[in-house]
Amino acid sequence: MTDNQVCPHCHSDSLQKRGLTKAEEPKQQYACNECEKWFLVSLVEIDEGPEFLLSRSRIAELERKDRFFVTCSQNNTPVDKGFWAAIGHYLKENGSELLIPTIRYKNPTCRFDAQDDDSDVWWPDEVLPYLCESIVKIHHELWIMGNMRINATAVNPLIGLETLSQSASAIYGHNQLQMKVIPTPQNALPKQLWTTGSCSVKNYSKTKAGVKGEHHHTIAGIVVEKKGKKFHTRNVIWDGECFYDLDKKYTANGVERNQKIAALVTGDEHTLFNDPEVKAATYTNRDSITKTLKPEVIIRHDVFDSYSISHHHRHNPLTQYVKWREGVNKVEDELQITIDYIEETTPAGATNVIIASNHNDHLYRWLKEADWKLEPWNAKIFHWFWYHMLEEAGFGTAGAYTFDPFAFWAERNIDPKCQTKFLGRDESFVVNGIELSLHGDLGPNGSRGSAVNLNKIGIRSIIGHTHAPAIEKGVVQVGTSSYLRLEYTSGPSSWLQTHALVYPNGKRALVNVIEGEWRG
Ligand SMILES: [Zn+2]
Ligand SMILES: [Zn+2]
């Protein structure tokens, strides 16, 4: 709403105000005296003030650089001083370029500047040299979309932006930190869409939309490292004192190196189909993730694939034939391979937590549904399991129960030096305020799980299961540690080899393993 408002249909400035709409974020209604058409004007979105387009030579210069820090800045709002100082240390430590897309928002009750006059749109002096309202293709497959002005209070800022960067991944400026992946048929890897989080302090109106925007506002940024043909993207989140990026901690005063992480949540492991490049990057290389970041806890989802006895193969004679010919139909062999893998990949001093997952559960399903007479090679262990399951069965407040067969077998066979905890389905496991026990297959009240419906529970968590990484408000979702193509994937895929980190301050980050490398 401005004093010099004109009709969008006939450009007349002879207008009458006709009250506010009754939406969550009300709009001013106008009627035009000339053409008699009506139109709406947002009270909070503004499209005014200076533009920050980069020159062609500046864009070309940026596109030759290898390291970037991207965050966003809201008009008429100061930066968070501590975060800003820490960004300065980050840029110096890493030789990164800073890019800051803008957010334009009108807050009539702003405590910094009541913005009576709409033409008074300003940004703090310190951000001015870095503001970017152009598209910068920092890699041919990763674009900074500075041209897009997303509404500051958008609850799902990435909605509708899936195709704007064509087949390239994209980073958009927005006060919320969000991430999702979109399948791209022409590439081996899905494209990543990110919003940045903000370097501005919170500055919202008291409407419902304003309060929700404030709730999702995150002081954060995205870091990018290019190496050869690859690029790596990660998020960093300010906690009021510091932010972590891998093994470094950045504060207003400087950089602290050789930091450890509290937990590593690996992309679903599916041992039988685990990609050796992911295993090397995560565990066994000299500069692997576990050797560099020294997690106290390693969280493993879908660690037992159950391929040897999968119910999906029951009516598939081709798969059954190949499994028989290749000798991958013996459940005891697969159990042993899985335990060997866990032992080989557990660093001394770290604790494994095995998450109850649908693939681990396929073993129980096989025990309930399979006809042991049709697979004599598994007959003995079938009966061994049943003997113990009946022996341990009980009747509790929720009815009949017995144990998780994978956990039961593994606990008896794993090297005791390899500290491992097997979580039950309803057992919680919290590290620094983050719930790590949910696999992601089960949602509230028996529904199918998803990052969106698990977010509504209102707890901060890290889940797995879909193999497509995401940051959806309070929920972070890992990808997979398996090969990107398995028997049951066909068509464009959003699978990515992505782990999550829990830092000592409880902030989380996604780390992608791109063709066997986890950083630039
Ligand atoms: Zn799963
Ligand atoms: Zn899985």
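Colleague: At what N to O distance do the side chains of D371 and K373 meet in a salt bridge?
Modeller: This is a predicted model, in which local features need pLDDT of at least 70, side-chain atom pairs count only at pLDDT 80 or more, and totals for chains, interfaces and linings use all residues. A salt bridge needs a side-chain nitrogen of Lys or Arg within 4 Å of a carboxyl oxygen of Asp or Glu. For D371 and K373 the N to O distance is 3.5 Å.

Colleague: Which class of exposure does K373 fall into, buried, partly exposed or exposed?
Modeller: Buried means under 20% relative accessible area, exposed means over 50%, and partly exposed lies in between (1.4 Å probe, protein chains only). Because its relative accessible area is 57%, K373 is exposed.

Colleague: How many salt bridges does the structure hold?
Modeller: Some of them join up, as E51, R104, E133 and R149 are linked in a network of salt bridges. Residues are numbered from 1 along each chain as its sequence is written, chains are lettered from A and ligands numbered from 1 in the order in which they are written, and side-chain values use heavy atoms, with hydrogens and water left out. The number of salt bridges in the structure is 27.

Colleague: How many residues apart are E97 and R58?
Modeller: Their side chains meet in a salt bridge, with 3.3 Å from N to O. This pair links distant parts of the chain, with E97 in strand β6 (residues 97-99) and R58 in helix α1 (residues 56-63). Here helices (H or I, at least four residues) and strands (E, at least two) are DSSP runs numbered from the N terminus. The residues E97 and R58 are apart in the chain by 39 residues.

Colleague: Is E225 buried or exposed?
Modeller: E225 forms a salt bridge with R67, the closest N and O atoms being 3.5 Å apart. The pair links distant parts of the chain, 158 residues apart, with E225 in strand β13 (residues 220-227) and R67 in strand β4 (residues 67-70). At 25% relative accessibility R67 counts as partly exposed. With a relative accessible area of 6%, E225 is buried.

Colleague: Which residues are the protein donors of the zinc ion (ligand 1)?
Modeller: Donors are N, O and S atoms within 2.8 Å of the metal (3.2 Å for Na, K and Ca); water is not among the atoms, so sites may look incomplete. Around this zinc ion (ligand 1) the donors lie 2.1 to 2.3 Å away. Along the sequence they are spaced D-x55-N-x80-H-x25-H. The donors are D302 (OD), N358 (OD1), H439 (NE2) and H465 (ND1).

Colleague: Why is the arrangement around the zinc ion (ligand 1) called irregular, and what angles are involved?
Modeller: Four donors count as tetrahedral if all angles lie between 85 and 135 degrees; four count as square planar and six as octahedral if opposite donors are over 155 degrees apart and all others between 65 and 115; anything else is irregular. The arrangement at the zinc ion (ligand 1) is irregular because its 4 donor atoms subtend angles of 90 to 155 degrees.

Colleague: Which residue bridges the zinc ion (ligand 2) and the zinc ion (ligand 1)?
Modeller: The donors of the zinc ion (ligand 2) are D268 (OD), H270 (NE2), D302 (OD) and H467 (NE2), lying 2.2 Å from it. Their spacing along the chain is D-x1-H-x31-D-x164-H, and their angles of 89 to 173 degrees make this arrangement irregular. The two zinc ions lie 3.5 Å apart, and the residue that bridges them is D302.

Colleague: Where is L246 found?
Modeller: L246 is not a glycine, yet has a positive phi of about 55 degrees. At 4% relative accessibility it counts as buried. Its place is in the loop between β15 (242-245) and β16 (248-251).
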